[in-house]
Structures are given as structure tokens and as C-alpha cells.
Amino acid sequence: MNITFLHHFNELFVVLSFVTAMLLIKKLPSLKLPISLVILICLFSANLARVPDSMLAAPSLDLYDIMFSEKFNLFDFITYLLYCPFGYLFVYFYEKGNFKGYKIILYIALTASGGTIYEWIAHLFGVFEYKKWDIRFSFAVYLFVQPLTLLFYESIKNSHKILMKN
Amino acid sequence: MSLVIFICVTILLIMSFYFLPKTMNILQNTYVLMLAIFLFTCYCSVIYVNLEFWKLSNHVTHYILFRIYQLIVIPILVVWYCNGKNKKMKKYFLIRTVCFSLAMLLLERLLISWNVITYAKWNGLISFFAYLILLLVISILNHWFTVVLRKEGIRVG
């Protein structure tokens, strides 16, 4: 089945994903996280996408393209903004689920699979165009960055608590 | 050899930053560091990928050198700059901003001398102003984050 026509909707896909994620955050009961922590989670998530992209998608390596171009455009920037609500939702369900022990591993494996499936759909819509990249590599990347996000979240949450006491 | 020198300079920079007294708390430092990485990588992409004002060497050593400069050295210098801001240093704000911009420019010149970066339709003066703007933008965004922390009841230096 030829689905290349979907590539014309890459920008729409990014905007719709962003709006859906924001609506979902609005609908979900609040986590009562301090704004400063939410800002830091958003920045961390955006950086987790930006740093590898700046190295792997740059002309020197050129493993993949974002939005059919190796150039950095406005929709690349919006794509990075998309990682902010995703990062927040990842932390949100982690907090709400109150996962401990092996359940954390299960949660990470599940969300890494979800992330990989979402990335594949984004690829079908032409958000990512793989050259020397493979979707299986993405799964490994998610397995690495998601525990990193949780570690980051736990460390800033503790720092915030300590600073509040002082 | 250039890679070894640059890695040594980076390690010294990290150690100096770690041991020097800081005016900002860990949340502010993390915020400024991540902001600097995000903004500087975007800036570099626009300059050398979109506009092709810089040409980057394809040599592996040069590639690593540039990434260290982009992801570690400049962001740490920005965090260092933001940590120097206190009431005593307020009147030297402009001098400090100019000095840090010059330091960043010097490092860029070092990369040029090693042929990591080659200018095309670009010059050092534009880079200097770009660093100046980067520092000012991050200062403003840091000020806004400081206000957020104060509202949450965190004492900020």
C-alpha cells in the first residue's frame, strides 16, 4: 500500500499531536507539581531530543532527516516542543502509578514501546525520514533516555524539597 | 593533539566550575545549563546547516572537538556567567557580559586555528554580538525562572 501521501501532512501531524497532548494534560487531574519542576522536565525532554538530533541528523553523520530536510526550520523547533508534554505525561503516569521495583522496569519497557510505535507513525507521516537509521535503534534510545528522565525527575524533586526546607 | 588539549581545557573548566562558589542554587544551575545547550545547538544549526556561514570539518577529531565545544564548554561558560551575578557585581554587569562573550569568541578562534570551523560570509564581530545576545537572552530567562522559584518559597541568591 502506498502511503507516501501521508508525508504531506507531517506539519499537521506535529500540530495535532501537540494539541492532543496538551488537551490530555488539561483533562487529567493535576499532579500538583511546582511550576519550576514542570519547566525543568520540559527543558530536559526537549534537550533529550535536541542533543542527539544536533549530532545524528547533522550533515556530517546525516542518519536521518526531520521534516524532509537536514536544515533546522520552524517545525523542527515545534517538534522539540512536542517532547515537553510527552516528558510531562511520562513523569505524570510514573507519579500517579507510584511504581516501585520491577514495576518501574515494566513501565519503562511499556513506554519505550509506546514511544517507538509513536515514532514509527510519525515516520509514516514524514516527520522523520530515516537514511542510515533504523526504528529498532530508537527503541534502544528510549530504553536509555526514559530511566534518565526518571533519575533527573527524582533528583530535581529532592533538590526542590531540600531548598524549600532551607 | 588538538583534541587532547581541548579535553584538558574542558576538564579544567568543569573542575573550576565545580569548586568555585556559586550564587545560584542547583535548580537554577540546571535550568541555565539546559537552556544554554538548547539555544546554542539551535544557533549552531542555523549558522552552519541553514545559512552555511560556517563550514565544519569532516574529520572525526574535529567533529568531537566541535561537539565538546557546543555541548559542554559554551553551556558551562554560560552557567559560570550567570553564577557571577550578585548584588556586588551588579554594576559590572556589562563588563562581565563583554568579557564572557570575548572568552567564548576566543574559544571559537581556537577552533578556527585548528580548522574545525571555517568562516564563509561570517566574521568574528558577528560571533561576538551573537554571544552577547545569547548571554543577555539567557539572563532574562534566568531572571524569569528566579521569579518563579521565589513565588514557590525558595530563597534565591
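Predicted model: local features only at pLDDT ≥ 70, side-chain atom pairs only at ≥ 80, totals over all residues.
## The interface between chain A and chain B

In this model, 29 residues of chain B are in contact with 30 residues of chain A. The area buried between chain B and chain A is about 2500 Å². Carbon and sulfur atoms give 73% of that area. On the side of chain B that touches chain A, the elements that give two or more residues are helix 2 (26-50), helix 3 (60-83) and helix 5 (124-151) of chain B. Helix 2 of chain B has the largest share of this side, with 15 residues. Sorted by class, the side of chain B that touches chain A holds 18 nonpolar, eight polar and three charged residues.

Two kinds of pairing were counted between the chains. Nine residue pairs are in polar contact between chain B and chain A, with both residues at pLDDT 80 or more. For salt bridges across the interface of chain B and chain A, the rule finds zero.

## Two cavities

Rolling a probe the size of a water molecule over the atoms shows where empty space is left. A search of the whole structure gives two cavities of 30 Å³ or more.

The largest cavity has a volume of about 140 Å³. It is lined by 18 residues, and those closest to its centre are R50(A), D53(A), A57(A), E70(A) and S45(B). At least two lining residues each come from helix 2 (35-56), strand 1 (64-66) and helix 3 (74-97) of chain A, and likewise from helix 2 of chain B. This lining is made up of eight nonpolar, four polar and six charged residues.

By class, the lining of the second largest cavity has four nonpolar residues, three polar residues and one charged residue.

## The largest pocket

The largest pocket contains about 820 Å³ of space. Its lining has 34 residues, and Y83(A), F86(A), G115(A), Y142(A) and Q146(A) lie nearest the centre.

Several elements of chain A each supply at least two residues of the pocket lining: helix 1 (10-27), helix 2, helix 3, helix 4 (102-124), strand 2 (128-130) and helix 5 (135-165). The largest share, eight residues, comes from helix 3 of chain A.

## Salt bridges

Side chains of opposite charge can pair when their charged atoms come close. Over all chains, the structure holds five salt bridges. One of them joins D65(A) and K131(A), whose closest N and O atoms are 2.8 Å apart. D65(A) lies in strand 1 of chain A, while K131(A) lies in the loop between strand 2 and helix 5 of chain A, so this pair ties together parts that are 66 residues apart in sequence.

Definitions and conventions:
Residues numbered from 1 in each chain as written. Chains lettered and ligands numbered in written order. Heavy atoms only, no water. Contact = heavy atoms within 4.5 Å. Buried area = accessible area lost by both parts, 1.4 Å probe. Salt bridge = Lys/Arg side-chain N within 4 Å of Asp/Glu carboxyl O. Polar contact = N/O pair within 3.5 Å; in protein donor to acceptor, adjacent residues only side chain to side chain. Helix = DSSP H or I, 4+ residues; strand = E, 2+ residues; numbered from the N terminus. Nonpolar A, V, L, I, M, F, W, Y, C, P; charged D, E, K, R; others polar. 1 Å grid on protein atoms, 1.4 Å probe; cavity = no way out; pocket = protein on both sides within 12 Å on 5 of 7 lines; lining within 4 Å. Points joined across faces, edges and corners; volume = space filled by probe spheres on them.
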